[in-house]
Amino acid sequence: MDLIGLALSFALAAVMVPAGVRGLLDAGLVRENYRGRELAFPLGAVLAATALVALAPLAFLDDRADLDLLDPELRRWITYVLGVAFLGFLDDSLGQARRGQSPRGWRGHAQALAAGRLSTGAIKAIGALALAAYVVSGRGLESLEYLADVALLILATNLFNLLDLRPGRAEKALALLGAGLCLGAWTAEPLELLGIFVGPVLVGAAFTLRERAMLGDTGSNLVGAIAGIWLLTTLDESGRLVALGVVAALTLYGEFRSISSAIESVPPLRSLDSLGRVDD
């Protein structure tokens, strides 16, 4: 995706995301956040829809006008981004209806499965595994490399779900990751590949930071999928193994400890985490 495509993505997001937030509120689709405020929910559904609206004219112009607006590899990866967003939407709309009784984390879902109960979270995990196995296949990878890439994609998606416990945190992490990958590899490939999602996510961050909307699992899955794909497509084999180790360690920590408490205990991280949020 070139600058024209990115500009169109941002322009559509600037119109559609605010309208989508109003639509969620008008329909009574709200949820209480960690401070008890009722916010439009799930914003992730609006972000995914906005990306699809942007895709329509870009795909037409890319094919009919012979313009280089879309990365050919988008055909592979968009399946995963939209697929895990849909799985997150199932969890948002069905699994959270019994919020206090729903199992939490991978351990909780595994225990539910062992007890003969298939939670929406377990469906989300199984579906994400299937999607990751599908989109990573056919790239000529050795068996161990293939399994490592599948694991990296799944764990990155799940990690951003764990991060999304405070307004704007997941979006900030994605922005920092994207900047690091682009500068470190000196490439704009991450933006060119998934640019149709970047505009909606960044515009949506203005609403999550001001506590007007919540991403939900729909949105955190979408953001995590972008992060995982960026890692897979930008890093070499050694870099992906390092990333897998880091993501696995953070995921394991998040299963047993509080990531929010860890961030609060480190002043620079606490300042970055609170940057741009509404006052308490």
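## Close-up views of a predicted model

**View 1. Trp 186 in its loop.** Trp 186 is found in the loop that runs between helix 7 and helix 8, in a structure that is a predicted model. The phi angle of Trp 186 is near 50°, which is a positive value in a residue other than glycine. With a relative accessible area of 73%, Trp 186 counts as exposed because that value is over the 50% cut-off.

View 2. The side chain of Glu 211 meets that of Arg 37 in a salt bridge, with 3.3 Å from N to O. Because Arg 37 sits in the loop between strand 1 (30–32) and strand 2 (38–40), while Glu 211 belongs to the loop between helix 8 (189–209) and helix 9 (216–234), the pair ties together parts that are 174 residues apart in sequence. Arg 37, at 34% relative accessibility, counts as partly exposed.

View 3. Pro 42 itself lies in the loop between strand 2 and helix 2, the latter covering residues 43–64.

**View 4. The salt bridge of Arg 76 and Glu 73.** The structure holds eleven salt bridges, and one of them is formed by Arg 76 with Glu 73, whose closest N and O atoms are 3.3 Å apart. Both residues are classed as partly exposed, Arg 76 at 21% relative accessibility and Glu 73 with a relative accessible area of 38%.

View 5. Arg 240 forms a salt bridge with Glu 145, and the closest N and O atoms of the two are 2.6 Å apart. This pair links distant parts of the chain, since Arg 240 is in helix 10 and Glu 145 is in helix 6, 95 residues apart. Arg 240 is buried, with a relative accessible area of 8%, and Glu 145, at 18% relative accessibility, also counts as buried because its value is under 20%. Arg 240 and Glu 145 belong to a network of salt bridges that also links Arg 139 and Asp 149.

View 6. The structure holds one cavity of 30 Å³ or more, and the largest cavity has a volume of about 40 Å³. Its lining is made up of Glu 145, Ala 148, Asp 149, Leu 152, Glu 237, Arg 240, Leu 241 and Leu 244. Helix 6 (143–163) and helix 10 (237–256) each supply at least two residues of this lining. By class, the lining of the largest cavity divides into four nonpolar, no polar and four charged residues.

**View 7. Leu 152 within helix 6.** Leu 152, one of the residues lining the largest cavity, lies in helix 6 and is buried, with a relative accessible area of 0%. Residues up to four places away in sequence being left aside, Leu 152 touches Leu 231, Leu 232, Arg 240, Ala 243, Leu 244 and Val 247. Helix 6 is mostly covered, 16 of its 21 residues being buried. From its first C-alpha to its last, helix 6 reaches 30 Å, which is close to the 30 Å expected at 1.5 Å a residue.

**View 8. The second largest pocket.** The second largest pocket has a volume of about 620 Å³ and is lined by 22 residues, of which Leu 159, Phe 160, Leu 163, Ala 173 and Leu 250 lie nearest its centre. Two or more lining residues come from each of helix 6, helix 7 (169–185), helix 9, helix 10, helix 11 (259–264) and helix 12 (267–274). The lining of this pocket has 19 nonpolar, no polar and three charged residues.

Definitions and conventions. Residues are numbered from 1 along each chain as its sequence is written. This is a predicted model: local features need pLDDT of at least 70, side-chain atom pairs count only at pLDDT 80 or more; totals for chains, interfaces and linings use all residues. Side-chain values use heavy atoms; hydrogens and water are left out. On a 1 Å grid over the protein atoms alone, a cavity is a set of points where a 1.4 Å probe fits but cannot get out, and a pocket is an open set with protein on both sides within 12 Å along at least five of seven lines; lining residues have an atom within 4 Å of a point. Grid points are joined across faces, edges and corners, and a volume is the space filled by probe spheres set on the points. Helices (H or I, at least four residues) and strands (E, at least two) are DSSP runs, numbered from the N terminus. Ala, Val, Leu, Ile, Met, Phe, Trp, Tyr, Cys and Pro count as nonpolar, Asp, Glu, Lys and Arg as charged, and the others, Gly among them, as polar. Buried means under 20% relative accessible area, exposed over 50%, partly exposed in between (1.4 Å probe, protein chains only). Contact means heavy atoms within 4.5 Å. The expected span of a helix is 1.5 Å times one less than its number of residues. A salt bridge is a side-chain nitrogen of Lys or Arg within 4 Å of a carboxyl oxygen of Asp or Glu.
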